[in-house]
Amino acid sequence: MRLDIKLKTVGLFCVGWSHPAVTGPDIQFVRRVNYDGSSQVYIPASSFKGALRSSASRIAESYGFKSCGGVRPEHIREKHTKMGRTCDVCEIFGHPWSASASPLMFSDLLPTGPIETTSLTRIRIDDKSMRAAEGALFSMEYVPPGCEFAGTIELMNVPKDKIALLLLSMAELRLGRIGRGGPLDLKIERADDLKQVLRGTEWLALLHELEEWLWHEVP
Ligand SMILES: [Zn+2]
């Protein structure tokens, strides 16, 4: 079963390269190079999946799911051993040391139209003192609010209750952000197959909510 996903930037948004730029802004938006040599900004599958995984960890226990809350492999392994099983979050999003792959396959999210990025100069804040670090001006490349990105999530034999956890993590992501990237809206499109699966359950209402943008532009 495949879900079509759209993400829309709500504020200034950046998914930065992890390596330093040679020219241009210090932190540039990630790009992929097309066959014709042109390049475009995009949201990598791994960034989107990672953000949903964190959202799932945050809300899992409020809805009766188990989460090891782990990031480091040895920590995850220890928590799972204590629980006597793999936690629900790792069961759908996978974990770093398991041979069994996650039953979710994410695609990269590509812009649905042309996007003009902007560069802004920011002040680097020292994490410990919360003051501006000395000599800490840096520039960052952003996409403006209202930019849409489209991609897919493939669900391979995900049980109904785990689908609920996936939908809850999407709802949570609309109130959060992708890493340090900025706030994002999310919606699911053409979810007819999923509606069949969820028919008669309380999760259908949540799916309906996720078929509409949450954030509306202020006129
Ligand atoms: Zn886990």
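Modeller: A residue is buried if its relative accessible area is under 20%, exposed if over 50%, and partly exposed in between (1.4 Å probe, protein chains only). This is a predicted model, in which local features need pLDDT of at least 70 and side-chain atom pairs pLDDT 80 or more, while totals for chains, interfaces and linings use all residues. Residues are numbered from 1 along each chain as its sequence is written, and side-chain values use heavy atoms, without hydrogens or water.

Let me begin with helix H1, which spans residues 45–59; helices (H or I, at least four residues) and strands (E, at least two) are DSSP runs numbered from the N terminus. Ser 55 belongs to H1, and because its relative accessibility is 0%, Ser 55 counts as buried. Setting aside neighbours within four places in sequence, the partners of Ser 55 are Ser 169, Glu 172 and Leu 173, where contact means heavy atoms within 4.5 Å.

Follow the chain out of H1 and you come to the loop between H1 and H2, where Ser 62 sits. Ser 62 counts as exposed because its relative accessible area is 61%. Ser 62 and Pro 183 are 121 residues apart along the chain, and their C-alpha atoms are separated by 22 Å.

The zinc ion is coordinated by Cys 68 through SG, His 80 through NE2, and Cys 87 and Cys 90 through SG, at 2.1 to 2.3 Å. Donors here are N, O and S atoms within 2.8 Å of the metal (3.2 Å for Na, K and Ca), and sites may look incomplete without water. Why is the arrangement around the zinc ion called tetrahedral? The 4 donor atoms subtend angles of 105 to 112°, and four donors count as tetrahedral if all angles lie between 85 and 135 degrees. Along the sequence, the donor residues follow the spacing C-x11-H-x6-C-x2-C. Cys 68 lies in the loop between H1 and helix H2 (73–83), and Cys 87 in the loop between H2 and helix H3 (88–93), so the pair ties together parts that are 19 residues apart in sequence. Cys 68 and Cys 87 are both buried; for Cys 87, the relative accessibility is 0%.

With cysteines in view, what about disulfides? The structure holds 0 of them, a disulfide being a pair of cysteine sulfur atoms within 2.5 Å. Take Cys 14: the closest cysteine sulfur is that of Cys 147, and because it is 12 Å away, it is too far for a bond. Cys 14 is itself buried, with a relative accessible area of 4%.

Now back to the partners of Ser 55, one of which is Ser 169. Helix H4 covers residues 160–173, and its axis comes within 10 Å of the axis of helix H6 (residues 203–210), crossing at roughly 40°. Those axes are lines fitted to C-alpha atoms over the stretch in contact, with angles from 0 to 180 degrees between N-to-C directions. From H4, Ala 164, Leu 167, Leu 168, Met 170 and Ala 171 take part, and they meet Trp 203, Leu 206, Leu 207 and Leu 210 of H6.

H4 also contains Ile 163, which counts as buried because its relative accessibility is 1%. Beyond its neighbours within four places in sequence, Ile 163 touches Met 1, Leu 155, Val 158, Leu 194, Val 197 and Leu 198. Pro 103, 60 residues away from Ile 163 in sequence, is 11 Å from it in space, C-alpha to C-alpha.

Asn 157 has a positive phi near 50° though it is not glycine, and it counts as exposed because its relative accessible area is 79%. Arg 190 sits in the loop between strand S9 (184–189) and helix H5 (192–198). Arg 190, also not a glycine, has a positive phi of about 45°, and at 63% relative accessibility Arg 190 counts as exposed.

Key: Tetrahedral: all angles 85-135°; square planar, octahedral: opposite > 155°, others 65-115°.
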